[in-house]
Amino acid sequence: MAVYLTGFDDAYDQFERMRQQMDELFGGWSAPMGIRNMTPGGFPAVNVGASADRVDAYMFAAGLDPKSLEISLQQNLLSISGERKEDIPEQAEPYRNERFTGTFRRVLTLPDDVDPEKVDATYRDGILHITVQRHEAVEPRKIQVH
Amino acid sequence: MEERKEMKPQEKREMQARTEREVTLRPPVDIYEEPQGITLKADLPGVSHDRLEIQIDGDTLTIEGRVSVDMPEGMEALYADVRATRYHRNFTLSREIDTDNIGAEMKEGVLTLTLPKRPEHQPHRIEVRTS
C-alpha cells in the first residue's frame, strides 16, 4: 500500500496536490449540521475551514457585483447577503434556467474565539473568501512542567 | 528508499480508475435562444481562465473546470457544502450551430458561451410581393 501511495503522490503536480488536499479536507467529510445550515443546493454554497490562528469561509457565488454584497460579523455570527440579477434577455427563448437569481442571505456560526475586528474579504473568480483572525489566547501553547 | 520505486502497470491502472471515478460537480446552466444563436451560461465559481477547458468533439460540447482556492496550512474543515473540486458537464449540439465560431468568456466564475447559428439557419425576412 505504501508503494501505491508514494507513486500516486509523485505523479501529481503541485496544483493536483493542493486540490487533493482540498478534496480530502472537504470531500466526504460529514460535518455536524448547524442549526443555521441550509438545505443542499441553496445559494451560495459555503465551505468553512479553521486553522490555529484564523477561520476561512469560502462562498461559491459566481457572477456577483462585490459592491452589492453586505457582509457583517456580530460576535461569531457571520451574515452575508446580496442579490444576483436575472440576465436572460427578455426577448430570448429560454430552455434552461438553473442558475440562481434573486436575493440571498446566509448566516454562519463561526467558532466562539474569532475576533470581529479582524475580518478581511476578497472576491475572485466567483468565490467570496472571508478571513477572520482568532484571538491569540487560543493558539496552542507549550506548558512547562517545573 | 525501497518504497519510491516505479509504479507497476497494475498500480497505474488503479490510479487511472481512481481518477475516472472522481466525484464531479454539475454546474447549473442557463440556456436561451435568440435569432442569431444560442447562449449558454454556466456557474463555475473558483475556476480561473487557465483551469477551464471547453471541448467540442463532433456534436458534443464538454465543459470542464477545476477549482483553486487559497488555503492556509493546517486547515481543518468545519463545514462543507462543496465536496469536490472538478466541474464537468456535457451537452449535445444541434447541426445548425456553427462550431467554428463559438465564443467563450469567463467573468467572476461565470462562463458565457455564444453558439452562433450557421448563416443559412439565421432568420431572414421573406418579402411579400404585391401586385
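Strand β7 (residues 114-124) of chain A pairs with β8(A) in the antiparallel sense over 7 bridges. Strands here are DSSP runs (E, at least two residues) and helices are likewise DSSP runs (H or I, at least four residues), both numbered from the N terminus; two strands pair if DSSP finds at least two bridges between them. The model is predicted, so that local features need pLDDT of at least 70 and side-chain atom pairs count only at pLDDT 80 or more, whereas totals for chains, interfaces and linings use all residues. Residues are numbered from 1 along each chain as its sequence is written, and chains are lettered from A and ligands numbered from 1 in the order in which they are written.

On β8(A), A:Ile127 is the bridge partner of A:Phe60; β2(A) and β8(A) run antiparallel and are joined by 7 bridges. A:Phe60 is also the bridge partner, in β2(A), of A:Ala45, and β1(A) is joined to β2(A) by 6 bridges, again antiparallel.

These pairings belong to an open sheet of 5 strands with antiparallel pairing, in the order β7(A)-β8(A)-β2(A)-β1(A)-β5(B). Its edge strands, each pairing on one side only, are β7 of chain A and β5 of chain B. Neighbouring strands of this sheet are turned by 20° against each other on average, direction ignored; the axes are lines fitted to C-alpha atoms, for helices over the stretch in contact, and angles run from 0 to 180 degrees between N-to-C directions.

Another open sheet, also of 5 strands with antiparallel pairing, has the order β5(A)-β1(B)-β2(B)-β8(B)-β7(B). Here β5 (93-97) of chain A and β7 (103-107) of chain B are the edge strands, and neighbouring strands are turned by 15° against each other on average, direction ignored. Within this sheet, β2(B) and β8(B) pair in the antiparallel sense over 7 bridges, and B:Leu40 stands opposite B:Leu113 in β8(B).

The largest nonpolar core holds 42 residues, of which A:Val46, A:Ala57 and A:Met59 touch the most other members. A nonpolar core is a set of buried Ala, Val, Leu, Ile, Met, Phe, Trp, Tyr and Cys residues joined through C-beta atoms within 7 Å. Elements of both chains give two or more residues to this core, among them β1 (45-50) and β4 (77-84) of chain A and β2 (37-43) of chain B. The most, 5 residues, come from β2(A). Apart from its neighbours within four places in sequence, A:Ala57 is in contact (C-beta atoms, placed from the backbone, within 7 Å) with A:Val46, A:Val48, A:Leu78, A:Leu108 and A:Ile130.

In chain B, B:Glu22 lies in the loop between α1 (9-20) and β1 (29-34). B:Glu22 is exposed because 12 other C-beta atoms lie within 10 Å.

Note on methods:
Buried ≥ 20, exposed ≤ 12 C-beta atoms within 10 Å, placed from the backbone. Contact = placed C-beta atoms within 7 Å.
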